[in-house]
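Biologist: I would like a close look at one part of this protein, the barrel and the helices and charged pairs around it. Please take me through it in order, with the cut-offs behind each term.

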Amino acid sequence: MADLSPNPFAPAELGPVRLRNRVIKAATSEGRSPDGLVTDDLIDFHLRFAEGGVGMTTVAYCCVSPQGASAPGQIVMDSRALPGLKRLTAAVHGAGAAISAQLGHAGVVAQKKLTGVTAVAPSRFVNPTSFAYCREIRRDEIRVVIDQFAAAAQVAVDAGFDAVELHFGHLYLPSSFLSPLINRRKDDYGGTIDNRSRLVREIAERVRDVVQGHIAVIAKLDMDDGLPGSIWIDEALRTAQLLDADATLDAIELTQGSSVFKPMYLFRGDVPVREFARVMPRAMRPGVRMVGKWAMGDYPYQDLYMLSAARQFVPVMRNTKLILLGGITNRQHLETGMREGFDFMAMGRALLREPDLVNRMVEDAEVRSRCTHCNKCMVTVFARTHCVLDPDQRYRTAMPVDVPSWPAGAAAR
């Protein structure tokens, strides 16, 4: 009898790009660009996933402007970064994989001590973890941000990327416009969900015009962020529907959680409070140990933990493919995603633990990930993101003296 199981390892089309399979390495903060430029270490990091069999690897987090940075050492997508980005894309292509650049503006997650300016938000807002004041962004500045996303996308095209991923999740600036908790504007960027979706639609439209079909355009979109009164699935469905009707995106990667509060809503599983306390300034450590689990949130891990929410988006998509994320660790999960109507599946922690996991799954359908979901990799974003159970990576890492505000930097993806 013929095997009717879907094949996640067959080639698939993503807009103008043909991927060798349906597995995407999800964006995870890398910490390998101390001067904001591509390093050999960053190239080696992505080469491990490319050589390990993924269809596409995603470079996180590429700032559309210096003011949009969420942590030290992030790449700003401008001409200064272009030579290194070309080396990076050429190396990944040489290993047979495609490569995407995640483009983002941190908004309320940005830190003044890093950017030198007060963070911007749709409306005046106080970040509940850093207690930093965020001022309301002006309309003329909104136009500038849209142009910055477009300019960053052009750099991605010039550098040889196969796709850009527009970060519309985790309450970074575009995502915060979608949140009724943060967006209290009275103009046509506030109020109804159609108005609050205006910015992400305008960014997507402008980026689509710039890339002119040369590369794929993906958006990472929050289904819900775990904050009471903020983004939830009912309005997220409407945002996705509007973006789909615009036909400006080739795919939407569905996500959950925020980098503002309760970041474990995104990750699920063990809460590494003790490890976070260890890398904080000495004066902060007792407080982190005392309230860390409350501030980060405590949510049990389960396989495919985003699927129940994500499957709600399948029937409303007409023009846009969907990427499933969250708790994908083996071939059966990949096949489940395809049966549920998803075109691609994104993996993060499982690939940090085993960059060659895709190749191993191709060879043996019964292979299971070695990831324990201890989430101690979250703490490594303050230096070089890696699995702490990989000694070759762990003992190459030195923690910097100055770390981002906790826990926002931990959830930057």
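Modeller: What follows goes from the annotated domain to the barrel, then to one histidine and the salt bridges.

This is a predicted model, in which local features need pLDDT of at least 70 and side-chain atom pairs count only at pLDDT 80 or more, while totals for chains, interfaces and linings use all residues. Residues are numbered from 1 along each chain as its sequence is written, and side-chain values use heavy atoms, with hydrogens and water left out.

The unreviewed UniProt entry places the feature "domain: NADH:flavin oxidoreductase/NADH oxidase N-terminal" at residues 9-239. UniProt positions are in the numbering used here, feature names are shortened, and annotations may be inferred rather than shown by experiment. Over residues 9-239 the chain is 35% helix and 20% strand, and the end C-alpha atoms are 31 Å apart. Helices (H or I, at least four residues) and strands (E, at least two) are DSSP runs, numbered from the N terminus.

Eight strands form a closed barrel with parallel pairing, in the order β3-β4-β5-β9-β10-β11-β12-β13. Two strands pair if DSSP finds at least two bridges between them. Neighbouring strands of this sheet are turned by 30° against each other on average, direction ignored. Axes are lines fitted to C-alpha atoms, for helices over the stretch in contact, and angles run from 0 to 180 degrees between N-to-C directions.

Strand β3 (residues 23-25) pairs with strand β4 (residues 56-63) in the parallel sense over two bridges, and Ile 24 stands opposite Met 56 in β4. Helix α13 (residues 331-339) packs on the sheet and touches β3, β12 (321-325) and β13 (344-347), where contact means heavy atoms within 4.5 Å. The direction of α13 makes about 140° with that of β13. Helix α2 (residues 82-94) lies across β4 and β5 (98-104), running at about 145° to β5.

His 167 counts as buried because its relative accessibility is 0%; buried means under 20% relative accessible area, exposed over 50%, and partly exposed in between (1.4 Å probe, protein chains only). A polar atom of the His 167 side chain lies 3.2 Å from the backbone nitrogen of Gly 169.

A salt bridge is a side-chain nitrogen of Lys or Arg within 4 Å of a carboxyl oxygen of Asp or Glu, and by this rule the count comes to 26. One of them joins Asp 40 and Arg 87, with the closest N and O atoms 3.1 Å apart. This pair links distant parts of the chain, 47 residues apart: Asp 40 is in helix α1 (residues 40-51) and Arg 87 is in helix α2. Arg 87 is partly exposed, at 41% relative accessibility.

Arg 206 and Asp 147 meet in another salt bridge (3.3 Å, N to O). Arg 206 lies in helix α7 (residues 198-211) and Asp 147 in helix α4 (residues 139-159), so the pair ties together parts 59 residues apart in sequence. Arg 206 is partly exposed at 33%, as is Asp 147 at 39%.

Arg 185 forms a salt bridge with Glu 136, the closest N and O atoms being 4.0 Å apart. Arg 185 lies in the loop between α5 (173-178) and α6 (193-196) and Glu 136 in strand β8 (residues 133-136), so parts 49 residues apart in sequence are tied together. Arg 185 is buried, with a relative accessible area of 6%, whereas Glu 136 is partly exposed at 39%. Salt bridges that share partners join Glu 136, Arg 139, Arg 185, Asp 187 and Asp 188 into one network.

Note on methods
Polar contact = N/O pair within 3.5 Å; in protein donor to acceptor, adjacent residues only side chain to side chain.
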